[in-house]
Amino acid sequence: AVIVAMLDDKARRARDFRPADQGLELDVQLAFSEGGHAKVEGTLPLAIDLREEQSSWADGPLDLKLDVADLPLGMLSLVDSGLTEATGSIDLNGTLGGTFAAPSGDLHGQVKDGSLVYRELGLKVTELQGELVGERRRFQLKGVTARTEPLYPISFLDESRKSRVRLSGSANLDGLALSELTAKATLDDAWVAGLPNAAVRTQGEVLVSGTWPELRVAGDVQLVNGRVVYDPTVMAGAGTLAPDRRITIHREGVTLTEAEEAAPTMLETMDIDLDIDLNRNLEIVGSYPLFQDLGSFTANLTKAKLTARVGGDVHVAIDGGEPVLGGEVTVLSGDATLLQTEFSLDSGTIYFLGGDIGETQFEINGSSQVDSTPISLAVRGTLNNPELDVTSAGYDESQVLVMLLTNRSPEALATDEGAAAAQQARELGAAAAVLLASSVLTGSASGALAIDADGSVRVGAPWSRSVFAELVLNAF
C-alpha cells in the first residue's frame with residue numbers, strides 16, 4: 001500500500017485482490033510514466049483474524065511471481081529518506097515462495113545507469129550498476145560498482161583520478177529483514193565524504209556485517225585526500241525559535257498532536273569503526289575569533305586562521321550518526337594568520353580524544369618576521385578553549401600587538417614610512433571600533449567606552465590579561 005501510494009502521480013495502476021483459502025490472490029499491475037512496469041501475481045498468505053495473534057495472520061504459503069522492468073531507482077527513498085535525486089532503474093524477475101517468516105526465492109535483478117545523492121555525507125553517486133541473485137533464502141550482490149564524488153566544490157578535487165567503489169556480498173532473507181549480511185567494499189580513490197567541513201577520499205577495503213539496517217562497518221584504509229574545517233562561529237549554527245519543551249501552550253479551539261519522530265537514517269543505525277592511515281594527506285583548517293563576544297562581524301575581523309598538513313594514524317567511528325575521532329597526529333607544515341601577520345608552522349601535535357571534537361587538544365608552534373624582527377607563536381589548549389601566546393625578544397606585549405596589527409616593527413613605525421602604516425592600522429580598526437562601542441552600550445563586559453572633554457571617543461577591548469587595546473577617534 002505504501003509503494004502504491006507513492007506511485008500515484010507516476011503510474012497507472014490495476015489492482016485485483018481476491019480472497020483465497022489461505023490469504024489473498026493478487027494480480028497487481030503498475031505502468032510507470034517512464035515506460036517501465038511492475039507485475040505481481042500469486043498468493044499472499046494474509047488472513048486477518050482478530051481472535052488470533054497477529055503473528056499467525058501470515059502463516060500460509062507464499063507464492064508470488066514478480067515481473068518488474070525499469071522500476072524507478074527513486075523507490076530507494078523507502079529504504080532511507082536521505083537518498084534523493086535518484087535516476088536510473090531496477091529490473092527484478094522470478095518467484096518468491098516459502099513463508100513470510102522464511103521466504104525462499106528464485107530471483108534475478110539488476111540496477112541500470114543509476115545515480116543518487118546522499119546529502120548526509122555530501123556525496124553524489126553515479127554510474128551505479130550491479131546484479132542481485134536470489135537462490136532459496138540466500139541473496140547475493142554481484143558486480144556492484146559506482147563512482148562517488150563530492151556534492152559540494154572541493155578545491156583539491158583531481159578529476160583525472162576516477163573515484164570507484166566495488167561492492168560484493170550476500171544476506172539471508174528473514175521475513176522483511178536481511179540477516180547474516182556480509183559484504184566487502186573495495187575503495188579505489190573513493191570519496192566517502194564530501195561535506196564543506198569534512199571531505200575524505202580513501203583507498204582500501206571495508207567489511208560490512210550484521211542485520212539490516214543495524215550494520216557494523218569496519219576496515220583499514222589509507223587517506224588519499226582529506227580536509228577537516230573547524231570554525232566555531234559557523235558550527236554553532238542558529239538557535240531555534242521553538243518554545244522550550246517544558247512549556248505547554250494552550251490555545252482555544254486548537255487540538256495539539258505530538259509530532260511523529262522521523263525514522264532513523266541509514267547512517268544513524270550503522271556502527272562504523274575504521275582505522276585510517278593519513279599518509280601526510282590530511283589538511284586541517286581552523287579559525288577562532290580573538291574577540292568572539294563582540295558580534296559576528298567583529299569576530300570575523302579578528303579571526304586567527306590556521307591551515308596545517310598533518311600525518312599519523314587515526315581511528316574514526318560513527319555511533320548513532322555522530323562522528324567520534326581518536327588518535328595522535330603530527331603537524332608537518334602549514335601557516336597561520338593572526339590579525340595582519342602571517343606565521344609559518346614549525347612543529348606541533350594534535351590529540352583527538354574520541355569525544356566532543358571541540359575538546360581536541362593541540363600544541364602548535366610557529367614563527368614569523370616583521371621587518372626582520374622575529375616573532376614566535378605558540379597555540380595550545382583545546383578547540384573550544386585555545387590559548388594563544390605571541391612573543392618577540394626585547395618587546396613587551398603592547399609592542400607585539402602593534403606589530404600584529406600593522407605588520408611593521410616599532411622601529412619602522414617611528415619613521416616617516418611607518419606613519420603611513422600606522423594610519424592604515426587606524427583605518428582598519430575604525431569599523432571594529434563602531435561594533436565595539438555597540439557591544440559596550442548593550443552590556444558586554446569585554447570592552448570599554450569613554451568620551452573625553454574634547455569630544456574624542458575611546459573604545460577598547462582586552463588583548464591579553466595585561467594588555468588592553470584602545471582606539472581613539474578624534475571628533476575634529
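In which strand is Thr202 found? Thr202 sits in strand S12, residues 198-211. Strands are DSSP runs of E with at least two residues, helices are runs of H or I with at least four, and both are numbered from the N terminus.

This is a predicted model, in which local features need pLDDT of at least 70, side-chain atom pairs count only at pLDDT 80 or more, and totals for chains, interfaces and linings use all residues. Residues are numbered from 1 along each chain as its sequence is written, and side-chain values use heavy atoms, with hydrogens and water left out.

Start with the whole protein. It has 7 helices and 24 strands. Of its 476 residues, 38% are buried. Buried means under 20% relative accessible area, exposed means over 50%, and partly exposed lies in between, with a 1.4 Å probe and protein chains only. The accessible surface comes to about 27300 Å². Carbon and sulfur atoms hold 53% of that surface. The areas come from the Shrake-Rupley method with a 1.4 Å probe, and for residues only the protein chains shown count as cover.

Contacts come next. A contact means heavy atoms within 4.5 Å. Take the contacts with a separation of 6 or more: residues 24 or more positions apart account for 47% of them.

Now return to Thr202. Its relative accessibility is 2%, so Thr202 counts as buried. Leaving out residues up to four places away in sequence, Thr202 touches Leu187, Asp188, Asp189, Ala190, Val192, Val221, Gln222, Leu223 and Val224.

Ser163 also touches Asp188, Asp189 and Ala190, among other residues. Ser163 is placed in the loop between strand S9 (138-150) and S10. Is Ser163 buried or exposed? Ser163 counts as buried because its relative accessibility is 1%. A polar atom of the Ser163 side chain lies 3.3 Å from the backbone oxygen of Asp189. A polar atom of that side chain also lies 3.1 Å from the backbone nitrogen of Trp191. The contacts of Ser163 beyond four places in sequence also include Ala146, Arg147, Thr148 and Arg201.

Next, the nonpolar cores. A nonpolar core is a set of buried Ala, Val, Leu, Ile, Met, Phe, Trp, Tyr and Cys residues joined through side-chain atoms within 4.5 Å. The largest has 59 residues. Which of them touch the most other members? They are Leu278, Val310, Phe343, Ile350 and Val390. Apart from this core lies another, of 9 residues, among them Leu26, Leu44, Leu66 and Leu96. Ile350 shows what surrounds a member of the largest core. Setting aside neighbours within four places in sequence, Ile350 contacts Ile284, Val310, Gly327, Glu328, Val329, Val331, Thr360, Gln361 and Phe362.

Charged pairs follow. A salt bridge is a side-chain nitrogen of Lys or Arg within 4 Å of a carboxyl oxygen of Asp or Glu. By this rule there are 10 salt bridges. One joins Asp70 and Lys112, with the closest N and O atoms 2.8 Å apart. This pair links distant parts of the chain: Asp70 is in strand S5 (residues 63-72), Lys112 is in strand S7 (residues 103-118), and 42 residues separate them. Asp70 is partly exposed at 30% relative accessibility. Lys112 is partly exposed too, at 24%. Asp70, Asp91 and Lys112 are linked in a network of salt bridges.

Glu127 and Arg164 meet in another salt bridge, at 3.0 Å from N to O. Glu127 lies in strand S8 (residues 123-136) and Arg164 in strand S10 (residues 164-174), so the pair ties together parts 37 residues apart in sequence. Glu127 is partly exposed at 41% relative accessibility, and Arg164 is partly exposed at 21%.

A further bridge joins Arg216 and Asp271, with the closest N and O atoms 3.4 Å apart. Arg216 is in strand S13 (residues 214-230), Asp271 is in strand S14 (residues 271-277), and the two are 55 residues apart. Arg216 is partly exposed at 36%. Asp271 is partly exposed at 36% relative accessibility.

Two more places are worth a look. Ser287 is in strand S15, residues 282-289. Ser287 is buried, at 12% relative accessible area.

Last, helix H5, residues 397-406. Its buried residues are Val400, Leu401, Met403, Leu404 and Thr406. Asn407 follows H5, and its phi is positive, near 60 degrees.

Methods: A polar contact is a pair of N or O atoms within 3.5 Å; within protein, one must be able to donate a hydrogen and the other to accept it, and residues adjacent in sequence count only if both atoms are side-chain atoms.
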